[in-house]
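Me: I'd like a close look at one part of this protein, and then how that part sits in the whole. Could you walk me through it in plain terms?

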Amino acid sequence: MLKYDSIAELVNEAEKRGLKLSELVLKTQAAMTEKTAEEHFATQERSLHDITESVQDGLDKDKRSASGLTGGDAYKLNEALKAGKNIAGHFFGNAMMKAVAVAQTNACMGRIVASPTAGSCGILPSALLTLQEEKNISDKDLVMALFTASAVGIVIATNASVAGAAGGCQAECGAASAMAAAAMVELCGGTPKQCEHACAIALKNILGLVCDPVAGLVEIPCIKRNAGGVGNALVAAELALAGVESHIPADEVIVAMKKIGDTMSSTLKETAEGGLAVTPTGKKLCEKVFG
């Protein structure tokens with residue numbers, strides 16, 4: 001029975017059986033549970049529907065979070081994109097806009113898919129939906145890519161953590177970036193081994209990132225970090241697809257991330273007792289919200 005405790009083992013098994021990572025995951029999930037492959041696919045299909053809606057909900061220019069601290073930024077990005085004012089090109093601009101939109105939906109208590117967490121919920125959806133639009137990818141292929149992303153997330157959660165309270169934002173936005181990078185590589189015709197390299201590169205790029213939410217809310221700087229996270233995923237996917245390899249295997253990067261999280265001060269792990277949360281402005285914003 002396949003275990004989800006090693007990226008390398010997943011890759012080796014997929015290569016041995018001549019399968020994509022997503023195909024391997026779907027087959028093994030059906031074999032390990034009482035659900036058919038079709039039922040598992042239908043569950044992921046509903047997730048795709050939900051993440052698509054979360055983008056649209058986040059584009060409402062007038063919607064604000066209950067704290068009043070955030071809102072309307074995805075709309076601004078979308079307007080800049082439509083006007084051709086962004087400097088990073090349509091693909092990256094589109095991805096950033098979608099990442100902020102989903103994260104904003106979360107801040108406004110809307111419906112999102114935690115992928116793998118609510119704080120990092122915009123990274124995977126924005127990467128996949130933007131790639132779909134730009135490359136004319138089918139919904140079926142996008143749903144399959146969610147299986148690849150979920151497998152990466154499970155391995156990270158098993159060997160390290162995907163929670164900011166345990167490992168800092170490297171665990172949340174880092175895991176989401178790794179999941180997105182691997183999924184994008186597969187969608188663009190990359191091999192399982194290239195998916196592994198993309199996962200490793202994405203995680204390496206974000207090692208040590210702290211979790212320091214202002215006022216303890218998943219808004220500042222979390223929403224903008226989702227935009228940064230999808231940028232990281234795009235970089236990792238581009239490098240891997242070009243044949244660039246990570247000298248440190250993904251599984252070792254995951255262990256390194258856990259060790260960094262373990263040694264990180266508790267003030268930098270979602271407690272709002274360090275980092276941006278305790279800057280003069282961060283404290284003022286906290287007082288504004290809570291009095």
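Reply: Here's a walk along helix 11, followed by the chain around it.

First, a word on the model: it is predicted, so local features need pLDDT of at least 70, side-chain atom pairs count only at pLDDT 80 or more, and totals for chains, interfaces and linings use all residues. Residues are numbered from 1 along each chain as its sequence is written, and side-chain values use heavy atoms, with hydrogens and water left out.

Helix 11 covers residues 222-241. Helices here are DSSP runs of H or I with at least four residues, strands are E runs of at least two, and both are numbered from the N terminus. Expected span is 1.5 Å times one less than the number of residues. For the 20 residues of helix 11 that gives 28 Å, and its end C-alpha atoms are 28 Å apart, which agrees.

Of those 20 residues, 14 are buried, so helix 11 is largely enclosed by the rest of the structure. Buried means under 20% relative accessible area, with exposed over 50% and partly exposed in between (1.4 Å probe, protein chains only). After helix 11 comes G243, with a positive phi near 100°.

Zooming out, the protein chain has 13 helices and zero strands. Its radius of gyration, taken over C-alpha atoms, is 18 Å, close to the 19 Å from the globule rule (2.2 Å times the number of residues to the power 0.38), so the chain is as compact as a globular protein of 291 residues. Buried residues make up 53% of the protein chain.
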